[in-house]
Amino acid sequence: MASVARYALGAATLIVVVGGIAVAAVAIRRRTLPDWTRAPARLAEAVIGLALLIAILEVLGTVGLFELAPIVIACGLAAVAGIRELVGTRVARRHPADRPAWPTTATTAVALLAGAVVVAEWSALTIQSYDVGIRGFDSLWYHLPWAASFAQTGNVTGLRFTDVEYLTPFYPATAEMVHGLGIVLLGRDTLSPGLNLVWLALTLLAAYCIGRPRGVGAATTIGAALAMGTTMMDYSQAGAAANDVVAVFFLLAAVALLITDVESPAARVLAAIAAGLAVGTKLTVLAPVLALTVGVIVIAPRGRRAGTAGLWLGPLILAGGFWYARNLIAVGNPLPWTSFAGILPTPAPPLQQHTGYSVAHYLTNSHFWSAFAQQALAGGLGRWWWAVLAVAVVGPILCLAPERLGRNYRHPEGSSQGVVRMLGCVALVSLAAYLITPETAAGPNGDPTGFAFNLRYLAPALTLSLAVAPLAPALAGPRARTATVAVLAIVLAGTVAEPRLWPSAHAGGAILTGLAALAVLGLLAAGRRSRAWLAIAIAVAAAIVVAGYPLQRHYLRGRYAYQPNVSYLAPVWALFRTVHNSRVGVVGTFGGFFSYPFYGLDISNRVQYVAQRGPHGSFTPITTCARWRAQVNSDHLKYLITTPARDPWHPTVLSPSPETSWTATDAAATPVFTERALGQPIVVFRLRGALDPAGCSQS
């Protein structure tokens with residue numbers, strides 16, 4: 001267990017990092033957007049702060065200094081610079097577009113309740129993760145292993161392989177870097193189960209800011225809450241290290257910053273930075289960001305399009321190009337999944353290279369729609385999935401309609417109507433792009449079982465569409481606004497009112513968390529009117545820090561402790577709770593897909609998948625005993641875990657891994673744990689010396 005002193009150090013450094021970045025962000029926002037106040041100002045500060053923090057982590061991680069002292073010093077220096085800038089800076093009190101955001105008390109209450117319900121819904125699985133550890137498939141597969149490796153090595157640029165099935169090492173890893181920061185600061189991954197609740201709150205803030213300038217903030221908030229409240233988002237993001245919600249936040253933030261002040265170059269630059277951070281987080285936002293980029297340039301005045309393009313593309317590339325530059329240097333190709341017609345090099349094909357089908361591959365296949373799509377849509381979007389999709393499609397289409405003069409509300413900026421039309425087009429293009437996105441109907445040809453699991457790839461387009469829908473000119477009248485809020489709220493209620501989203505063991509705590517979120521918002525709002533909001537925010541932060549230590553102790557007691565009927569690997573996870581500072585090798589995709597618990601309770605074990613590296617970022621299975629033993633020796637392992645091969649599309653069928661016998665027949669390898677999964681062996685070896693490659697012929 002972590003000591004009180006280590007927790008206190010971690011909490012103190014967390015305060016320095018968050019506080020320092022916050023001070024610097026406020027200073028930059030007041031310098032660049034001095035007239036912004038309230039929610040748009042807070043959103044701008046959040047994006048500035050995150051961009052600054054991510055830039056610091058990228059720079060330090062590139063030179064091998066992703067460590068406690070350098071990070072704290074860098075954030076402390078940012079705080080000092082921010083304080084110097086803030087001294088004597090005037091504080092804006094009103095902006096010309098700073099009109100009342102909520103049209104009625106009723107819509108305000110509905111929007112707040114919608115946000116609180118989704119926070120409570122996500123809290124159920126978050127509480128579960130704090131009870132037993134994060135169990136999300138992708139989290140255990142590569143999100144958290146990358147974060148742990150960043151924290152252990154101090155370097156973020158190396159390619160980190162966790163299997164031989166997919167080319168995951170080339171994915172952007174901004175969200176994982178933030179998880180790595182939490183591990184560096186606290187020495188444990190205590191923050192990881194709760195981080196996505198923070199991203200959820202920021203997503204709802206960004207959605208509110210999208211509708212605020214046109215007086216429909218309540219509706220846009222509920223629209224985003226509807227997308228976030230779907231089963232596909234709750235099950236994949238809540239209490240996990242998945243990064244879909246992070247990418248959605250940055251995408252919505254880009255739109256919100258752009259629409260808040262369409263004539264401001266500073267706002268446009270900040271929106272471009274947010275868009276860049278989105279593509280630096282997840283590949284699924286490439287199409288929406290590309291569509292938004294084209295839209296921003298197209299709606300610019302004809303004589304200013306070149307300047308607008310430069311002012312948008314420059315910050316976007318700087319903010320989002322880090323991981324693609326890493327790929328270019330490591331492989332010779334920023335997008336190693338494609339050779340661009342043979343022009344650029346690519347790694348050796350992964351084992352699952354022929355299963356990345358898109359939905360478009362099955363568009364005219366009636367069997368796909370009857371046997372896969374309908375069931376998956378109901379499971380991922382809720383029983384009213386058809387209503388969710390209808391709003392997501394019809395809303396952006398209505399945004400394309402001309403604004404009626406004389407009756408409906410008009411934004412003071414003359415170009416606002418053009419922005420709304422552009423956003424409607426961006427939302428529709430994003431929805432269409434989902435259909436041709438690789439892996440959206442993953443699986444062997446004719447068996448797209450991955451459609452349900454990867455339905456979350458729809459999240460950026462779906463959330464954007466539902467948040468943009470209330471901007472439609474046809475919905476601008478008072479009655480139409482109220483009706484829009486009512487429709488979205490009803491669909492949200494039908495979506496979240498499923499018992500499976502509220503597990504009985506955690507429902508009470510989840511509801512309390514939602515109520516606590518409402519209470520904090522109420523206190524901050526009351527403090528805002530009395531100028532006591534800073535004191536209230538500090539008090540809330542102090543309460544969280546004080547409660548954090550018992551929460552961490554509770555978390556560490558149950559984190560990957562053995563529980564029956566969870567996984568065949570559960571006993572191995574429990575075994576490695578007591579292993580520290582060891583080099584651990586894993587082979588067999590069954591183990592590779594669930595390797596994170598092998599890092600140990602204090603995340604001190606160095607875990608790696610054992611396979612053969614090749615040119616251009618290739619990573620392939622080792623095919624001979626002698627080469628296998630030589631590779632194990634070169635990796636200097638203390639423990640080796642051999643597991644069966646697991647076909648992702650037939651999870652109940654496991655195949656034997658030859659590495660088990662190649663290892664077991666060497667006298668230097670001693671089995672310390674053995675179990676069988678579906679008839680195939682899982683073995684943990686303790687290596688007491690070098691394996692003998694020459695001994696393979698007698699094996």
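User: In this predicted model, which side chain of opposite charge is nearest to Glu 121?

Analyst: Glu 121 belongs to helix α4, which covers residues 105-132. Glu 121 is buried and yet has no salt bridge. A salt bridge would need a side-chain nitrogen of Lys or Arg within 4 Å of a carboxyl oxygen of Asp or Glu. The nearest side chain of opposite charge is 8.8 Å away, and it belongs to Arg 500.

User: Leaving aside neighbours within four places in sequence, which residues is Glu 121 in contact with?

Analyst: Contact here requires heavy atoms within 4.5 Å. With the neighbours within four places in sequence left aside, the residues in contact with Glu 121 are Gly 229, Thr 230, Asp 234, Val 496, Leu 501 and Trp 502.

User: Why is strand β1 described as largely enclosed by the rest of the structure?

Analyst: Strand β1 spans residues 583-587 and is joined to β2 by four bridges, the two running parallel. Four bridges also join β1 to strand β5, again in parallel. Strand β1 is largely enclosed because four of its five residues are buried.

User: Which residues make up the covered face of strand β2?

Analyst: In a regular strand, side chains alternate between the two faces of the sheet. In β2, residues 606-609, the uncovered face holds Arg 606 and Gln 608. Gln 608 is also the bridge partner of Gly 585. The covered face consists of Val 607 and Tyr 609.

User: Is Val 294 buried, partly exposed or exposed?

Analyst: Val 294 is located in helix α12. Together with Leu 290, Val 298 and Ile 299, Val 294 forms a nonpolar surface patch. Its relative accessibility is 45%, so Val 294 counts as partly exposed.

Conventions: Residues are numbered from 1 along each chain as its sequence is written. This is a predicted model: local features need pLDDT of at least 70, side-chain atom pairs count only at pLDDT 80 or more; totals for chains, interfaces and linings use all residues. Side-chain values use heavy atoms; hydrogens and water are left out. Buried means under 20% relative accessible area, exposed over 50%, partly exposed in between (1.4 Å probe, protein chains only). Two strands pair if DSSP finds at least two bridges between them. Patches are made of residues with over 30% relative accessible area and no salt bridge: like charges are joined within 9 Å, nonpolar side chains (Val, Leu, Ile, Met, Phe, Trp, Tyr) within 5 Å. Accessible areas come from the Shrake-Rupley method with a 1.4 Å probe; for residues, only the protein chains shown count as cover. Lys and Arg count as positive and Asp and Glu as negative; His and the chain ends are not counted.
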